[in-house]
Amino acid sequence: MTRVARLGAFIFVTLAVLAAGVFIVGSKQYLFSSTYQVKAQFDNVAGLAAGANVQVGGVISGTVHSIALPDKPGDKITVLVDLDKSTHAIVKEDSVATIETEGLLGNQYLAISFGTNGQPDVKNGETIQSQPPIVMGDLIKKASVILDSSQQTMQNANLASEHIASVTAKIDSGQGTVGALVNDKQLYNNVQQTTTTLQATMVQAQAGVTDFQENMEALKHNFILSGYFKKRGYEDSGDLTANRIGGLPQGAPLKAFTFTAKQLFDTRDSAKLKNEKSLDAGGAYLAGNKFGFAVVVVSTGMEGDDQKDLVLTQARAMVVREYLVNNFGFDDSQLKTLGMGKQTGANLDADWGSIQILIFPAGTAMPPDQPAPPKNSSITDAAQPAQVTTAGTQKP
Amino acid sequence: MASVFCFGSGVCTGFLEWFGNLGIFFWQVLKAVVTPPYEWRELIRQMDEVGSKSLPLVALAGAAVGVVLSMETRESMTRFGAKSLLPSAIVFAVIQEMGPIITGLVVSGRVGAGIGAELASMKVTEQIDAIEASAINPYRLLAATRILACILMLPLLTVAADAGGLLMGWVAQTLAEPISLHHFINTGFSGATLRDFLPPTFKTAVFGLIIGLVACFQGMRTRGGAEGVGRAATNSVVLASLFVILADVVLVKLILVVFH
Amino acid sequence: MATAYDIAMEQAEIKQDGGAPVVAVENLQKAFETQKVLNGMSLSVSRGETLAVLGRSGTGKSVLLRLIIGLDQPDSGSIRINGQEIVGLALDGMGEIRKKMGFLFQQAALYDSLTIAQNVAFPLERHRGEMSRSERGDRVEQLLAEVGMEGDLDKMPSDISGGMKKRVGLARALALEPEILLLDEPTAGLDPISSGEIDDLILKLQRERQMASIVVTHDLHSARTIANRLALLDQGNVVIAGSFEDLERSEIKFVKEFLK
């Protein structure tokens, strides 16, 4: 290669590399693309320098051309920005310029927000709104205030935890009740024992209850005590609600037989049946006719205890039903009882209440059963579950 | 008078005289440069000598610097958690300082010694006198062409050193942690302005002036045969290198003041 | 008693053909450091005349030639070339005058980066720009043929012997058809046969060209062969100037010593 050719090659190649470098740097400075200019004003630019990037929506789209200090104090600093022409459509008059930091300690750059659609475009040289930058110094001041107060909190927490520590220490060493509880092995053993004993007792109690129930039953049939039961009219309270229904059904009855309590019962407050024969007419009808179902409805006057009267009506209904069931042939599941308790009525008081046998035609909807009303707690209640099963097979 | 100024110190007086003579020499060269006839052929020849022939050495030196820079900076950057800044660090370091100064010193050595020795041997064999006796201005033919060649070729050589440095810097970087050249260049040059890169590259023209001037002066003033030639070559390298480094200090400051 | 100068002037007036001396040196003073080399010497040379300047080695004979061609400046005195004062003339002013002079240096001072032909072409390229390339080439060949070096056009100076270098030097000195020829120790370092060859060559060239020649030599025999007049220098002054016979006849002690 001749001297001149070699020299020419050297100069050409190095100039080409230089040109490439200039181009690379220049394109980053937007020297080679068409740009337009926008201004933003700030009180403080927080270290933003000319040549810094300008991001629109996070995309680097321009550079800071220059930053001019104001003429007099009180005026704002003017930041002049070169923006790539491609941003013309998205930077509008309502775009806002802010100064951001790359990362926490990085370089400052200018961020311009998108404008809203419909707003007019920014013209070359116009000024857009701006927000003051976060000055790291202020942040740090705030942070230090927070630090101070949290320091106080820390101290308090410290004290508290010290206290807890001392308490824990005390517990550990067996001081105080909890300490005793936690630490006393003997107490633990006692509790263990107690629990075991309790379990045994429960079993025993259960056995006892069954036993007791049986005793009661026996007593009822004892000649000394049976008088009570006879006087009452019934032995087992358990039957009281065995066949009851929740209320009267809709619709008119086929037939109704009505009696006064005075007619059928001994005393005002007993359920001992007398003059059973008067019930025969009803019984005969039940046996001889087709019907849906029938209800023995009993009510008393206003005298006496509410609860006792309710029980009385239920008992009376039960007794009437039993007579009918025992003496006449019909499906006894079709005969229900309904104890109404106290009812108002003209002749109820004088006659100690009323008893009705209402017979309804087939197809009448039967009202659902109601849960047993609350009774005074008695041993008979406890015995009830056991008795229901035995009642079915027992006969007076 | 010089001795009065220097309180009779021989070294000091000698130094001042040297500077004075250098100034006179520079003035002669300057006059020769601006007046015709122009020695184009000789200029081309010198540009080839200084430029094309120094290229391999300069590019290699630049590449070596690039590798070293890359490895060392990587270490410190990682420690400060700024590894993403590594391409920028390399690009800026190479183009703003390492490229120019390495080129300046390498050329001081190669071209400084070359010119110093060549002109010195011409002097001791009376060739320079012969040129003058032929009614040809030796300042124009010999000194101006060489100095001009140095001024013009140094920036181009610096570009070559920069290219070598950046390329090898990328290679070293990518061997440790793969990064595409395109990405390296992109992140490396981000935030750069022409004001960052063009002044450092063109300040090497001043280096060229220094190297050419000192070497020609030393060469053309030689006395004393073979020993004189050796001395001229050595002095050229030493003085050129020294003044290049000093000039760099001044120029860097100047660039900072003027361009930033 | 007539001074050497007077004698010389007489001689010059006789020899020349109707004009002032081509080279007229008057009362030159030149000192280097502490040594006074020329102490008021004067001489003149006319067209067609060969003046040999003799003296002890290292006595400033070469300095005289350098002063005449302007490579050095005298401390005082006058040098007139064709009536024009050249003392104090700057480099550029000397240009036209130098084009009329040919200078053969002691070691020929060939440009060692150029070939023989390029060496001889050197002044032609710069001062005979109107010549075409081929014309120049022919001229170079012609000149080299005159000095007997026609076959060695493309050789480098380092490839040829001392005697051959001087021939080429002569060819180069004659390239521009000078009026004045200055020869610094043309036979120095040559064996007797080669010296004789050079002497013959000089004679021949002088016969053809009728230049005003000044030959500085310590070779008495050579001086006697080629010179019309001889001037003997001692202590920086012309002790005697005249034909060889004049020197032989002289009673001056130094001359007698020198001629032994």
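## A helix pair in chain B

Helices α3(B) and α7(B) are oblique to each other, because an angle that is not under 35 degrees (roughly parallel), over 145 (roughly antiparallel) or 65 to 115 (roughly perpendicular) counts as oblique. The axes of α3(B), residues 40-50, and α7(B) come within 8 Å and cross at roughly 50°. Axes are lines fitted to C-alpha atoms, for helices over the stretch in contact, and angles run from 0 to 180 degrees between N-to-C directions. The crossing of α3(B) and α7(B) is right-handed, meaning that the near helix is turned clockwise from the far one by less than a right angle.

On α3(B), the contact is made by B:E42, B:L43, B:Q46, B:M47, B:E49 and B:V50. On α7(B), the residues include B:L141, B:T145, B:R146 and B:L148. Two residues are in contact if their C-beta atoms, placed from the backbone, lie within 7 Å. By class, the contact of α3(B) with α7(B) has 9 nonpolar, 2 polar and 3 charged residues. Here Ala, Val, Leu, Ile, Met, Phe, Trp, Tyr, Cys and Pro are nonpolar, Asp, Glu, Lys and Arg are charged, and the others, Gly among them, are polar.

## About the model

This is a predicted model: local features need pLDDT of at least 70, side-chain atom pairs count only at pLDDT 80 or more, and totals for chains, interfaces and linings use all residues. Residues are numbered from 1 along each chain as its sequence is written, while chains are lettered from A and ligands numbered from 1 in the order in which they are written.

## Chains B and C

Chain B has 10 helices and 0 strands. Chain C has 10 helices and 10 strands. Helices (H or I, at least four residues) and strands (E, at least two) are DSSP runs, numbered from the N terminus.

Of the 260 residues in chain B, 51% are buried. In chain C, 45% of 260 residues are buried. Buried means that 20 or more other C-beta atoms lie within 10 Å of the residue's own, with C-beta atoms placed from the backbone. Take contacts between residues at least 6 apart in sequence: in chain B, 86% of them join residues at least 24 apart. For chain C, that share is 67%.

## Where chains meet

Chain A puts 18 residues in contact with 18 residues of chain B. The chain A side has 10 nonpolar, 5 polar and 3 charged residues.

Chain C brings 15 residues into contact with 11 of chain B. On the chain C side, α3 (91-98) and α4 (116-127) each give two or more residues. The largest share, 4 residues, comes from α4(C). That side divides into 9 nonpolar, 3 polar and 3 charged residues.

## Cores

The largest nonpolar core has 156 residues, and C:V120 and C:L232 have the most contacts inside it. Such a core is a set of buried Ala, Val, Leu, Ile, Met, Phe, Trp, Tyr and Cys residues joined through C-beta atoms within 7 Å. Helix α7(B), residues 138-176, gives the most to this core, with 22 residues. A second, separate core of 32 residues includes A:L264, A:L279, A:I355 and A:L358.

Which residues of α4(C) are buried? They are C:I116, C:A117, C:N119, C:V120, C:A121, C:F122 and C:P123. Their cover includes α5 (133-146) and α6 (162-173) of chain C.

Terms used
Buried ≥ 20, exposed ≤ 12 C-beta atoms within 10 Å, placed from the backbone.
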